[in-house]
Every structure is written in C-alpha cells, then in structure tokens.
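Me: I would like a close look at a single part of this model. Please walk me through what surrounds it, step by step.

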Amino acid sequence: MIQAIDHIGIAVRDLDASMQLYGTLFGVSDFHREEVTDQGVAIASFTLNGVRLELTAPLHDDTPIGKFLASRGEGIHHVAFRTDAIDADLQRLQDSGIRLINERPQPGAHDMLIAFLHPKSTGSVLMELCTPANDASHP
Ligand code: CO
C-alpha cells in the first residue's frame, strides 16, 4: 500500500553548485552523498520533516537523467511514494492499465528498491514507488 511521499527528485547538472544553492535556501550543510551506478546518477540528499529532497546529477550524458537534462533542463524530475508492498502495488497499477517503466523493482539510493511509472499514464508526472530493500519479500 502506498503510504507517504518519500522524496522529491530534482535534476541538476552540478551537484556541488546545487548543494551550495540548497545550503543558501535552507541552511543545509549535512548532505548524504551517494552514487547509484545502476541508475547512472550521483545524488546529494537531505530531509525536511520526513520528506527527502534528492538532488540528482547524471554520471554521464547517456543516462535517463542526462537525457532529461538535455531535453528539459534542470528542475523537478520525479515524486517518489513509499510503499510497504511494492510488487503488489506495481501489479495493481498494471492491472488498472497504468504503464510501468520498471515492471520489477530496481536498486536505488538509500538502500531502496524503486520502480518508475510511465509519465504517459500519470498526467506527465514521473512517479516512483520505493520501499526499503531489506523488506522480507526481497531477500
Ligand atoms: Co527517486
């Protein structure tokens, strides 16, 4: 079941410049840094009252986020919803006619399993479902 907004992904070109900007905006200095090679991204994230903001830069141009930046520029990339039953939710959505980008959850940042829904099915909002990877259903 989908429970909460987990994070908002923001596409940025330059992580260091963007951390400096968010430092100015929100006084953040304690960023979690991580590279997720499967997704081709480097992230810097921080949490505001339980919702994480994930600044996301491409590791190279030939990645989904690199292509997004090339065509749309910097900005909000996706909204991620936390679920406690990602497989069941993906199945339910697919059965309801929602197109999935990832039919199977993939490794994401913060030890999460993630799956994107196709924006053509979600009013052009790129949505991600995520769940902690140590969930018993994914040993
Ligand atoms: Co995400």
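Reply: A residue counts as buried when its relative accessible area is under 20%. Keep that cut-off in mind. Keep in mind, too, that this is a predicted model.

Start with the metal site. Three residues coordinate the cobalt ion: His7 and His78, each through NE2, and Glu128 through OE. The distances run from 2.0 to 2.1 Å. Along the chain, these donors follow the spacing H-x70-H-x49-E. The pair of His7 and Glu128 links distant parts of the chain. His7 sits in strand 1 (residues 2–11), Glu128 in strand 8 (residues 127–132), and 121 residues separate them.

Now take His7 by itself. Its relative accessibility is 2%. The cut-off is under 20%, so His7 counts as buried. Glu128 is buried as well. The side chain of His7 has polar contacts with two other donors of the cobalt ion. One joins it to the side chain of His78, at 3.4 Å. The other joins it to the side chain of Glu128, at 3.4 Å. Beyond its sequence neighbours up to four places away, His7 touches Val51, Arg52, Glu54, His78, Val79, Ala80, Glu128 and Cys130.

Cys130 leads on to Thr83. Thr83 is also in contact with Cys130. Thr83 lies in strand 5, which covers residues 75–83. Is Thr83 buried or exposed? Its relative accessibility is 1%, so Thr83 is buried. Its side chain reaches the backbone oxygen of Met1 at 3.2 Å. A polar atom of that side chain also lies 2.9 Å from the backbone nitrogen of Ala85. Leaving aside neighbours within four places in sequence, the contacts of Thr83 include Met1, Ile2 and Gln3. Asp89, Leu129 and Thr131 are also among them.

Last, compare a residue in a loop. Leu100 is in the loop between helix 3 (86–95) and strand 6 (106–107). Its relative accessible area is 13%, so Leu100 is buried too. Not counting residues up to four places away, Leu100 touches Leu90, Leu93, Gln94, Phe116, Leu117 and His118. Leu15 is another matter: from C-alpha to C-alpha, Leu100 and Leu15 are 28 Å apart in space. In sequence, 85 residues separate Leu100 and Leu15.

To recap, His7 is a donor to the cobalt ion. Thr83 is in strand 5, and Leu100 is in a loop.

How values were computed. Residues numbered from 1 in each chain as written. Predicted model: local features only at pLDDT ≥ 70, side-chain atom pairs only at ≥ 80, totals over all residues. Heavy atoms only, no water. Helix = DSSP H or I, 4+ residues; strand = E, 2+ residues; numbered from the N terminus. Buried < 20%, exposed > 50% of the residue type's maximum accessible area, 1.4 Å probe, protein only. Polar contact = N/O pair within 3.5 Å; in protein donor to acceptor, adjacent residues only side chain to side chain. Contact = heavy atoms within 4.5 Å. Donors = N, O, S within 2.8 Å, 3.2 Å for Na, K, Ca; no water.
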